[in-house]
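Subject: Structure handover

Hello,

Here is the structure we spoke about. Please open it alongside this note; the findings follow below.

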Amino acid sequence: MSYIEPKEFVTKMVDAGEQKIFMSTKDTLVRAFMAGAILALAAFFAITVIVKTGQPLLGAILFPVGFIMLYLMKFDLLTGVFTLVPLAVIDKRPGCTKTQLLRNWGLVFLGNLGGALIVAFFASFILTYGYNTDGGALAAKVGSIGEARTLGYQEFGTAGWFTIFIRGMLCNWMVSMGVVGAMISTSATGKMLAMWMPIMLFFFMGFEHSIVNMFLFPFSMIMGGEFTLIDYLVWNEIPTVLGNLAGGFLLVGLPLYITHVKTSAQRKLSGQSTRSMDASQSNTIAK
């Protein structure tokens, strides 16, 4: 059967977290770099579709192609390791410590950032023919997105910062459901369908994804977006990363772990106990 029961795939989640902790530095960086680059290219593709067609839903429908590609190649996103790696630590797998968890997160962050920045450079170069034109409608759209999702939040102060944080939580709730959903099936088609739906949802709803933003905001700055690096970090990337962490771990990884790995004993109703005792006594009398 292509469907795997939750108890089985949650154990696979813990195993995956353990495997990522013990992965070599080279492999962690390469896989994270490729994941960041592929997701950035998918975001570039989706934004291009939206600008050319005027249909945001179509861009959202097509964006998950990038996520599916990187998942099937076993590349790593920061949003995914936020969900999986802590499970190996709380399960007390040998050698899985908080220090090793932070090491993994740091390496994946750097790899994702490197891949996203490279694609931001590629995208800006080809749009402007080597920075000799203004980039047209697509460049203008990207610039306005960057401004709206930094300075637009800044206008609301603390409330704006927490809006980003919650959007980050909602994003990785859906992204991590895509990661988990792929583990439910053993067929490639089943994995793709399980990933497609939540990823499409997060993109269309405008939730904040830290790795997409590692591409989008540098790209926006190159294309003329009028905001600073500090604006981007304080009013988008930092609260987005923290929201992604909270959403992936608290809304997906931890609930699945505590109910499918650390399952509590079944309740016994007092009436059931009495009936069981009466049945036992009746059997004894009958004998």
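A term you will need throughout: contact means heavy atoms within 4.5 Å. This is a predicted model, so local features need pLDDT of at least 70, side-chain atom pairs count only at pLDDT 80 or more, and totals for chains, interfaces and linings use all residues. Residues are numbered from 1 along each chain as its sequence is written, and side-chain values use heavy atoms, with hydrogens and water left out.

Overall picture

The chain has 13 helices and zero strands. Both kinds of element are DSSP runs numbered from the N terminus: helices are H or I with at least four residues, strands E with at least two. The C-alpha atoms fill a box of roughly 100 × 40 × 40 Å along the principal axes. Of the 287 residues, 47% are buried. Buried means under 20% relative accessible area, exposed over 50%, and partly exposed in between, with a 1.4 Å probe and protein chains only. Take the contacts between residues at least 6 apart in sequence: 83% of them join residues at least 24 apart.

N112 sits in helix α6 (residues 98-127). Its relative accessibility is 0%, so N112 counts as buried. Beyond its neighbours within four places in sequence, N112 is in contact with A32, F33, A35, G36, D76, L77, L78, I211 and M214.

F82 belongs to helix α5. F82 is buried too, at a relative accessible area of 4%. With neighbours within four places in sequence set aside, F82 is in contact with W105, N172, V241, N244, L245 and F249. F82 and A246 are 164 residues apart in sequence, yet 8.3 Å apart in space, C-alpha to C-alpha.

Helix packing

How do α1 and α5 cross? The axes of helix α1 (residues 6-22) and helix α5 (residues 78-90) come within 7 Å and cross at roughly 90°. Axes here are lines fitted to C-alpha atoms, for helices over the stretch in contact; angles run from 0 to 180 degrees between N-to-C directions. The two helices are therefore roughly perpendicular. That label covers 65 to 115 degrees; under 35 is roughly parallel, over 145 roughly antiparallel, and the rest oblique. On the α1 side, the residues that meet α5 include M13, V14 and I21. On the α5 side, they include V81, L84 and V89.

Core and aromatics

The largest nonpolar core has 75 residues. Such a core is a set of buried Ala, Val, Leu, Ile, Met, Phe, Trp, Tyr and Cys residues joined through side-chain atoms within 4.5 Å. M13, F63, F202, F215 and F219 have the most contacts inside the core. Helix α2 (residues 25-53) gives the most to this core, with twelve residues.

The whole structure holds 15 aromatic pairs. Rings of Phe, Tyr and Trp (its six-membered ring) pair if their centres lie within 6.5 Å; planes under 30 degrees apart count as stacked, over 60 as edge-to-face and the rest as tilted. F202 and F203 are edge-to-face, at 6.4 Å centre to centre and 80° between the planes. Both F202 and F203 are buried. The rings of F217 and Y232 have centres 5.2 Å apart and planes at 20°, so that pair is stacked. F217 lies in helix α11 (residues 210-222) and Y232 in helix α12 (residues 229-260), so the pair ties together parts 15 residues apart in sequence. Ring pairs also link F121, F122, F125 and Y131 into a cluster.

Best wishes
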